Amino acid sequence: MPHPIHIGVGGWSYDPWAESFYPPALPKARQLEYAGQHLTGIEINSTYYGGQKPESFARWAAAVPDGFKFTVKASRYATNRQVLAEGAPSVKKFLGQGITRLEDRLGPILWQFMPTKKFDADDFAAFLKLLPPRQDGAALRHAVEVRHESFACDAFIKLCRDHGVAIVEAWHNTYPLIAEATANFAYLRLQQSREDEAAGYSTAELKDWAKKAKAIANDRDVFLFFISGAKLRNPAAAQALIALLG
């Protein structure tokens, strides 16, 4: 059987979506519930900037249907540092804030690095060792998004494969694209939506993405998010791709 494909956007609270995605007069308190009915995944971005309460994660999990997955962007205090190996306290604090209250709605954790962060094999190996396979008894899956061209090398790919950590396929104008299977799931971030397309991308482009997602799902779970670009269009892009996948 094919693996599941989860498709969504980054966050769910964005004022312009009140007119382009959410029904008129829908209270903000019900936006996540609505998004959960029309998407199959959401990347939580607020956790990148600061901690959240355990009760918030539990409330978010309760707002979405069975089968829906949240991915969680890790704290910038763990990744935006000169020496990654020194980030153990930040990693521990992030993982211990209550993300496992998402329960079966918890998808991968995204560890995102600045475009200026260069690949250092020893330091990055030390960082990957900080990422535990479990938290509070729950299994964790980790993905890394790197944005400097120095990471486009065999040594980095091997490190991630050895640790079972996914490399994000970052479809962006300037970030390196590293499309390598290094974990039991794939994490794609599509960052090139356009304002002049009602669904952010042309029908032909979305059909190509549907074909690619299906191919990956033969071997791995798929998490695919429409991020940045023409952010206004991203929910429409996600819904169009979900429809193409049936």
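Which residue stands opposite Leu106 in E4?

A: In this predicted model, the residue that stands opposite Leu106 of E4 is Phe70. The pairing behind this position links strand E3, residues 69-73, with E4 through three bridges, and these two strands run parallel.

Strand E4 itself covers residues 106-112. E4 also pairs with strand E7, residues 142-145, by four bridges, and here too the strands run parallel. Within that pairing, Trp111 is placed opposite Val144 in E7. Buried here refers to a relative accessible area under 20%.

The helix pair consists of H9, residues 203-216, and H10, residues 234-245. Their axes come within 9 Å and cross at roughly 60°. The two helices are therefore oblique to each other, and H9 passes H10 in a right-handed crossing. On the side of H9, the residues that meet H10 are Leu206, Lys207, Trp209, Ala210 and Lys214. Their partners in H10 are Ala237, Ala240, Leu241, Leu244 and Leu245. Sorted by class, this contact of H9 with H10 holds eight nonpolar residues, two charged residues and no polar ones.

Technical notes:
Residues numbered from 1 in each chain as written. Predicted model: local features only at pLDDT ≥ 70, side-chain atom pairs only at ≥ 80, totals over all residues. Heavy atoms only, no water. Axes fitted to C-alpha atoms, helices over the stretch in contact; angles between N-to-C directions. Parallel < 35°, antiparallel > 145°, perpendicular 65-115°, else oblique. Left-handed = near helix turned anticlockwise from the far one by under 90°. Contact = heavy atoms within 4.5 Å. Nonpolar A, V, L, I, M, F, W, Y, C, P; charged D, E, K, R; others polar. Buried < 20%, exposed > 50% of the residue type's maximum accessible area, 1.4 Å probe, protein only. Pairing = 2+ DSSP bridges.
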